[in-house]
Amino acid sequence: KKKKKKKEKKKRREEKRKRDEGIFDDYEEGAGAFTFENDEERRKQELETERQNLKDQQRKALLNKMKVSGDLQSYKEQKMLKEELMYAMNIGDVAKAEKLRKKIEEAGDKGGAMDNYGFRPS
């Protein structure tokens, strides 16, 4: 009986050591399925990270292109003029609203390339 107890104790110690070190036998409960599922989830995360990085790179490239061509400044000015126009319309200042409308139209005529940010329509 003592030999049997020693063997069981040794076996439990060995199993605990394997668990602590992350060593799994193929025959342990769910080891294969867990590993496979984990691989799929990890791959999904990698693909999602790659997609996000690609989007960020494209966004940065477009922003840099807009900065270089001056479209970014033009865009900011247009946005500010539109906000001023909305404010003038809300307070009922028709004369100022007309002036702003003309400025926006003039700026819109200059910025033809800004509409597509340099991309040709297909």
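Glu 46 and Arg 42 sit four residues apart in helix H2 (residues 31-69), which is about one turn of the helix. Helices here are DSSP runs of H or I with at least four residues, strands are E runs of at least two, and both are numbered from the N terminus. The model is a predicted one, so local features need pLDDT of at least 70 and side-chain atom pairs count only at pLDDT 80 or more, while totals for chains, interfaces and linings use all residues. Residues are numbered from 1 along each chain as its sequence is written, and side-chain values use heavy atoms, with hydrogens and water left out.

Glu 46 and Arg 42 form a salt bridge, with their closest N and O atoms 3.6 Å apart. The term salt bridge is used for a side-chain nitrogen of Lys or Arg within 4 Å of a carboxyl oxygen of Asp or Glu. Both partners are partly exposed: Glu 46 has a relative accessible area of 33%, and Arg 42 has one of 47%. For these labels, buried is under 20% relative accessible area, exposed is over 50%, and partly exposed is in between (1.4 Å probe, protein chains only). Arg 43 joins in as well, in a network of salt bridges that links Arg 42, Arg 43 and Glu 46.

Helix H2 also holds Asp 56 and Arg 59, three residues apart, again about one turn of the helix. Their salt bridge brings the closest N and O atoms to 3.0 Å. Asp 56 is partly exposed at 26% relative accessibility, whereas Arg 59 is exposed at 53%. Over in helix H4 (residues 94-110), Arg 101 and Glu 98 are three residues apart, and their side chains meet in a salt bridge at 2.6 Å, N to O. Arg 101 comes out partly exposed at 31% relative accessibility, as does Glu 98 at 37%. The salt-bridge count comes to six.

Now for the overall layout. The chain has four helices and zero strands, giving the pattern α-α-α-α along the sequence. Of its 122 residues, 11% count as buried. The accessible surface comes to about 11,600 Å², and carbon and sulfur atoms account for 53% of that; these areas come from the Shrake-Rupley method with a 1.4 Å probe, and for residues only the protein chains shown count as cover. Among contacts (heavy atoms within 4.5 Å) with a separation of 6 or more, 43% are between residues 24 or more positions apart.

Helix H3 (residues 71-91) has 21 residues and should span 30 Å at 1.5 Å a residue, which agrees with the 30 Å between its end C-alpha atoms. The expected span is 1.5 Å times one less than the number of residues. Buried residues in H3 are Asp 71, Leu 72, Gln 78, Leu 81, Leu 85 and Ala 88. Just after the helix, Gly 92 takes a positive phi of about 90°.

The largest nonpolar core is made of six residues, namely Leu 81, Leu 85, Ala 88, Ala 97, Leu 100 and Ile 104. H3 and H4 are the elements that give two or more residues to this core. A nonpolar core means a set of buried Ala, Val, Leu, Ile, Met, Phe, Trp, Tyr and Cys residues joined through side-chain atoms within 4.5 Å. Leaving aside residues up to four places away in sequence, Ala 97 touches Leu 85, Ala 88 and Met 89. In soluble globular proteins, nonpolar side chains tend to be buried together.
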